Amino acid sequence: KNKIQMDASSGGQPATTQWEQLWQSQTTPWTLPGPTPPLVSTLALPVFASLPSTTRVLIPGCGAGHDVVAWASSGKIVTGLDLSDTAAVTARETIAKAGLSGSGRAEVLVGDFFEHTPDGLYDILYDYTFLCALPPQLREKWAAKCFALLREGGILFTLIFPIGEFEGGPPFAVSVELVERLTKQAGFEQHTLIYPVTDSAERRLGKEAVALWTKPTTTTKAHV
């Protein structure tokens, strides 16, 4: 249930055109009607609430843009990224409805995460329903790209979902242990872990965990 049908010729990964077709047909069972509840509650924590208004956030696979709005409304500068043109249009509409168009705090780009080359590095990268949409063979590449896109001291915010054991996807099953292995292999250090998440959307209860990872500074690395 709620699995997305793949074209076998794509090796299990939907091509850009396949994601676009899903958005055009409104076959997006992963889309929630508003900001992700665990994100909203986590943004209220001091680690995020105390960050300056110049904080830059990247959200790959931003979809309908509700979490772009949540981050921007918390006072951060947010870039949403999606493969689908239709998803990007939807996200921009979400941003407009929130009164954030032209604010300089929320933008949505169309593009491939693995080819994303920003003008400057990000302070935070937020992943929710993105890692689980990637075929397993791209997971190490995902972690390495997250590391490359963040400044030293930057935070990788993973809202890990769907936690469980099942075959096939997307979404593909993930776990806290999997994300810990991937991030540490890429060079991240664990910042904090909040588990279990108690304020998930109803159909996701018991299947989510919040984990924050930090890209070490050069000084930190020297003492490892």
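Two strands pair if DSSP finds at least two bridges between them, and that is the idea to keep in mind for strands β2 and β3, where Gly80 of β2 has Val108 of β3 as its bridge partner. Welcome to a predicted model of a protein chain with eight helices and seven strands. Here is a quick tour, from the chain as a whole down to single residues.

**Confidence**
- The mean pLDDT of the protein chain is 86, and 86% of its residues reach 70 or more.
- Residues 1–14 call for some care, as their pLDDT is below 50; even so, this stretch has 33 contacts in the model beyond near neighbours in sequence.
- Residues 220–224 also have a pLDDT below 50, and here the model shows four contacts beyond near neighbours in sequence.

**The chain as a whole**
- Of the 224 residues in the protein chain, 48% count as buried.
- If you take the contacts between residues at least 6 apart in sequence, 73% of them join residues at least 24 apart.

**Strands β2 and β3**
- Strand β2 (residues 77–82) and strand β3 (residues 106–110) run parallel and are joined by five bridges.
- One of the residues involved is Gly80, whose partner in β3 is Val108.

**Helix α4**
- Helix α4 (residues 66–73) is largely enclosed by the rest of the structure, because six of its eight residues are buried.
- The buried residues of α4 are Asp67, Val68, Val69, Ala70, Trp71 and Ala72.
- Gly75 follows α4 and has a positive phi, near 95°.

**Thr42 in helix α2**
- Thr42 sits in helix α2, which spans residues 37–43.
- With a relative accessibility of 5%, Thr42 falls under the 20% cut-off and so counts as buried.
- Leaving aside residues up to four places away in sequence, Thr42 touches Phe48, Phe157 and Val210.

**Cysteines**
- A disulfide is a covalent bond between the sulfur atoms of two cysteines.
- With the criterion of two cysteine sulfur atoms within 2.5 Å, the count of disulfides is zero.
- Cys62 counts as buried because its relative accessibility is 10%.
- Cys146 is buried too, with a relative accessible area of 0%.

Methods: Residues numbered from 1 in each chain as written. Predicted model: local features only at pLDDT ≥ 70, side-chain atom pairs only at ≥ 80, totals over all residues. Heavy atoms only, no water. Helix = DSSP H or I, 4+ residues; strand = E, 2+ residues; numbered from the N terminus. Buried < 20%, exposed > 50% of the residue type's maximum accessible area, 1.4 Å probe, protein only. Contact = heavy atoms within 4.5 Å. pLDDT = per-residue confidence, 0-100.
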